[in-house]
Amino acid sequence: STVAPVVYYIPRKDVKTERLVRTPTTTHCPFKGEATYYAMRDGGEDVVWSYESPYDETMAIKGRLAFYPDKVDIVTG
């Protein structure tokens, strides 16, 4: 069996969102709802997704940002 990678949903206040631009990409998850996507402002592919209005069961991730670990480096500090 395949194990899904851990996904961290980071609060927007902890992300330099001015470097991101929303893209037209959307997807649907049967457990969380509709996801919206963002790319780096200087162009390129989607690197972040977010659930702006998740289902009640996953409200804790509302508006938080999740990054593709193979597309960006997450730096703390």
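## Aromatic pairs

In this predicted model, a search of the whole structure finds three aromatic pairs. One of them joins tyrosine 9 and tryptophan 49 in an edge-to-face arrangement, with 6.4 Å from centre to centre and 90 degrees between the planes. This pair links distant parts of the chain, since tyrosine 9 belongs to strand S1 (residues 9–10) and tryptophan 49 to strand S4 (residues 46–50), 40 residues apart. Tyrosine 9 and tryptophan 49 are both buried.

Tyrosine 9 also pairs with tyrosine 51: the ring centres are 6.5 Å apart and the planes stand at 55 degrees, so the pair is tilted. An angle over 60 degrees would be needed for edge-to-face and one under 30 degrees for stacked. Because tyrosine 9 lies in strand S1 and tyrosine 51 in the loop between S4 and strand S5 (65–67), the pair ties together parts that are 42 residues apart in sequence. Tyrosine 51, like tyrosine 9, is buried.

## The ring cluster and a lysine

Taken together, ring pairs link Tyr9, Trp49, Tyr51 and Tyr68 into a cluster. Tyrosine 68 has a further neighbour in lysine 71, which lies over the face of the tyrosine 68 ring at 4.3 Å from its centre.

## Nonpolar cores

The largest nonpolar core has nine residues, namely Ile10, Val15, Leu20, Tyr38, Val47, Val48, Leu65, Phe67 and Val72. Strands S4 and S5 are the elements that give two or more residues to this core.

How values were computed. Residues are numbered from 1 along each chain as its sequence is written. This is a predicted model: local features need pLDDT of at least 70, side-chain atom pairs count only at pLDDT 80 or more; totals for chains, interfaces and linings use all residues. Side-chain values use heavy atoms; hydrogens and water are left out. Rings of Phe, Tyr and Trp (its six-membered ring) pair if their centres lie within 6.5 Å; planes under 30 degrees apart count as stacked, over 60 as edge-to-face and the rest as tilted. Helices (H or I, at least four residues) and strands (E, at least two) are DSSP runs, numbered from the N terminus. Buried means under 20% relative accessible area, exposed over 50%, partly exposed in between (1.4 Å probe, protein chains only). A charge sits over a ring if NZ of Lys or CZ of Arg is within 6 Å of the ring centre and within 35 degrees of the ring normal. A nonpolar core is a set of buried Ala, Val, Leu, Ile, Met, Phe, Trp, Tyr and Cys residues joined through side-chain atoms within 4.5 Å.
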